[in-house]
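Here is a short report on a sheet and an interface. Please read it beside the model.

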Amino acid sequence: MLRNDGAMQRCTSLRGGRSPPVMRHIGAMVELAVKVENLVKHYSGTVAVDGISFAVGRGVTAALLGGNGAGKTTTLSILLGLLLPTAGQVQVLGEDMLRHRYRVLPRMNFSSPFVDLPHRLTVRQNLLIYARLYGLPSRGERIERLAEDLQIGEFLERPAGKLSAGQKTRVALAKALLNEPELLLLDEPTASLDPDTGDWVRSYLEDYRARTGATILMASHNMGEVERLCSDVMMMKAGRIVDRGSPEALIDRYGRTNLEEVFLHIARGSRTELEPVS
Amino acid sequence: MLLRYLYLLRSSWPRTLELTYWPTLQMLIWGFMSQFLYANSSYVFRAFGVLLAAVMLWDVLFRGQLGLSMSFLEEMWARNLGHLFVTPLRPYEWVLSLAVDEPDPRPARHVAGRTAGDPALSLFDLCDGAAASSRSLPCCWSWAGHWAWRSAG
């Protein structure tokens, strides 16, 4: 289903003929895409994020897991610079996010089913505007290629408000991949999608990471998705990271058969004796 | 961002009509009245004409403010702000795009050294004929304002 012909060539040309991203990332395997230290966020008395620390290497797909109100979306928002932390340090792609946000923003992107595109504008108009905001050269060509890759060509001229949930998700993904980001932040990337479309989106994300060497950090409630895509999982509860590891390591550690059981184990408080890990 | 608001205006004719109808009507009414007073009355009435012109200009500002607020609320309703603020768009650029129309953006686009992701491009980088269309409305206001000012003396 996925069409990857000439993908590497496309990446290289998009980034101005520099070395292919995969090679750059392999060469920089020890580099960190995200580094968070003692991050704290208070909302008028409520502690949303309570002194978490973590790092995500480049080229890795990592996930923040946790129940509702665990602090996943707040953490992502701080990483995007949408929220200011109450305390702590955030480095993204080697830059201090609090001081040099505008150096990093062109190199990252974000997608969430809970943030929409303007309903009255067509999909093409929306993508064109975001392509301009990212200052992309050959915007029309880039949109056509993404439309082909993500199979949104048939509704490019349709208003964004008249799309189905699956179509909206694919359009949001197209918007998130416009600038071929080195760091892609995803909040529930397959929420409200049918299994077929969800599987298709997961395949596309796997392919994108393999092709470009990008880092993907996602917040999700879909354990199957996390097991399939992620090599690093951070379990959050009440604003803290209570455990961390690969899906296999977590399943082994808790003596369970899948990540969903581990999630339930932690979410229901069976492991309250756990100290936060950093 | 200017292009975004142009697309929005194009897709909603009631808003475009609302934005143009009342100021045009008021300009015509008060403009003609001011001209009449200027031509036929004493010094006091001329001063009154200036006052009427001020009322007229106030309406232009009022409609402008209404348009700006509507554009802002539109972003809120569309839940688009989250996407906008993770782009290299700076808040002042966004506010300017709500309020100002760039007279001729083409020279800015060709400044050497601007590359992908350059935040300075986001406000002024318009092309594909959109700039000409987006200029037509403010030019119309500019002309009407000039005419009204002269009428008012």
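Which residue in S4(A) is the bridge partner of Lys35(A)? The partner is Gln91(A).

## Basis

This is a predicted model: local features need pLDDT of at least 70, side-chain atom pairs count only at pLDDT 80 or more, and totals for chains, interfaces and linings use all residues. Residues are numbered from 1 along each chain as written, chains are lettered from A and ligands numbered from 1 in written order, and side-chain values use heavy atoms, without hydrogens and water.

## The sheet in chain A

Four strands form an open, antiparallel sheet in the order S2-S1-S4-S5. Strands are DSSP runs of E with at least two residues, helices are runs of H or I with at least four, and both are numbered from the N terminus. Pairing requires at least two DSSP bridges. S1 (residues 32-43) and S4 (residues 87-92) of chain A share 5 bridges.

Helix H3 (residues 72-80) lies across S1, S2 and S4 of chain A. H3 runs at about 120 degrees to S1(A). Axes are lines fitted to C-alpha atoms, for helices over the stretch in contact (heavy atoms within 4.5 Å). Angles run from 0 to 180 degrees between N-to-C directions.

## The A-B interface

Chain A puts 28 residues in contact with 31 of chain B. There is 1 salt bridge between the chains (Lys or Arg side-chain nitrogen within 4 Å of an Asp or Glu carboxyl oxygen). Asp116(A) and Arg79(B) form it, at 3.1 Å, N to O. Helices H4 (101-104) and H5 (123-133) of chain A each supply at least two residues of the side touching chain B. H5(A) gives the largest share, 6 residues.
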